[in-house]
Amino acid sequence: MPILNSIAALADDMAAWRHDFHEHPELMYEVHRTAGIVAERLREFGCDEVVTGIGRTGVVGVIRGRQTSSGRTIGLRADMDALPIEEASGVPYASKTPGLMHACGHDGHTAMLLGAAKHLADTRNFDGTAIVIFQPAEEGGAGGKAMVDDGLMSRWNIQEVYGLHNAPGVPEGVFALRPGPMLASSDQLEITVHGKGGHAGAGVHKAVDSVLIAAHIITALQSIVSRNVDPIKSAVISICVVEAGKALNVIPETVELKGTVRTLDAEVQDLVERRIAEVADGIARTYGGAATTKYTRLYPITTNHAREAVIAADVARDVVGVERVVDNAPPLMGAEDFAFMLQARPGAFVFLGMGDGKDCHHPAYRFNDNILGHGASYWVRLVEKTMPAE
């Protein structure tokens, strides 16, 4: 079954909704305008219940089928927030807010789930309850966790939950997923190197050079991946911030190192966390200094459940055909806070190809409106196929 006729008829509406969201990007939990419009649309569509303020600024819509005797309830999630990026896409509906941009396609995700919500509310051709979830603060704010902590799953008795993200570089309209780890964990690393300040020329022998220690730590951290992690598995350690002294001739007392760690395996995550602290402390002591490490686990590994991954792949085949679904896609080292929802309930996360174009988080990124119908049809078929009406 290709793109549904009723969804195809909504193509212009979905594009208009997306362009409006794109012109008015909002960050993190401050998605008040976007959430307000989403709630208004859901009420116009005739949802049985529309609740705002879940996870601070999240929106939930409840759509009951013609029958609910199955007792089944599934959740469909889209994210709403933008990024602190100055737009350089050149589109006529570019951001009107300096320094903010929808550079990850969350405007598109919101628009396609709205399209699916309208169809489901109009037809109700299923036996059960569909919960449409519009989430804030995916980009670093853990809005998914906030919604779960606010009772999202228990309040509406959600039994399965599904997510979708656009994928630049994947052919337009192709779905990609895999069972098991789909996206990496995202952890934050902060190391404070303590030395002894001094004159960078005449007094170096009296100082303990915190910058020298930090340089050795940065280099040595890479040996954790190459010499401690099983080469069949994956890990990434990146130091992206180095903050040291301000004067050219003064050895600073301290250096701050900050970065990110990505893993696809819980045991590897534990190993990397432990070894980072050991390596930093050991090197600092070797040079007469000290190092303190703060390791913060932000987003868990996004892990698709086996049964639900099969369901998602089968539904995608209904929409785009067998040849346009990749159900053994390689995992990626990006991260997603949909992981928190998958920890709370079984489900699956899929990618939907956008064709050629700039990657997400690039100032010239452009969402491809052609995939709005694919995404909305996927959501509709997921509900109708997993909760079929008699």
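In helix α7, the residues S210, I213, A214, I217, A220, L221 and I224 are buried, where buried means under 20% relative accessible area with a 1.4 Å probe and protein chains only. An α-helix has 3.6 residues a turn, so residues three or four places apart point the same way. The cover over the buried residues of α7 includes β8 (186-194), β10 (235-243), α8 (266-286) and β13 (290-299). Helices (H or I, at least four residues) and strands (E, at least two) are DSSP runs, numbered from the N terminus.

The model is predicted; local features need pLDDT of at least 70, side-chain atom pairs count only at pLDDT 80 or more, and totals for chains, interfaces and linings use all residues. Residues are numbered from 1 along each chain as its sequence is written, and side-chain values use heavy atoms, with hydrogens and water left out.

Helix α7 spans residues 210-227. Its 18 residues reach 25 Å from the first C-alpha to the last. The expected value is close, at 26 Å (1.5 Å times one less than the number of residues). At the N-terminal end, D209 caps α7. A side-chain oxygen of D209 lies 3.0 Å from the backbone nitrogen of V211.

D81 sits in the loop between β3 (73-79) and α4 (106-123). A polar atom of the D81 side chain does lie 3.0 Å from the backbone nitrogen of E138.

Terms used:
Buried means under 20% relative accessible area, exposed over 50%, partly exposed in between (1.4 Å probe, protein chains only). Contact means heavy atoms within 4.5 Å. A polar contact is a pair of N or O atoms within 3.5 Å; within protein, one must be able to donate a hydrogen and the other to accept it, and residues adjacent in sequence count only if both atoms are side-chain atoms.
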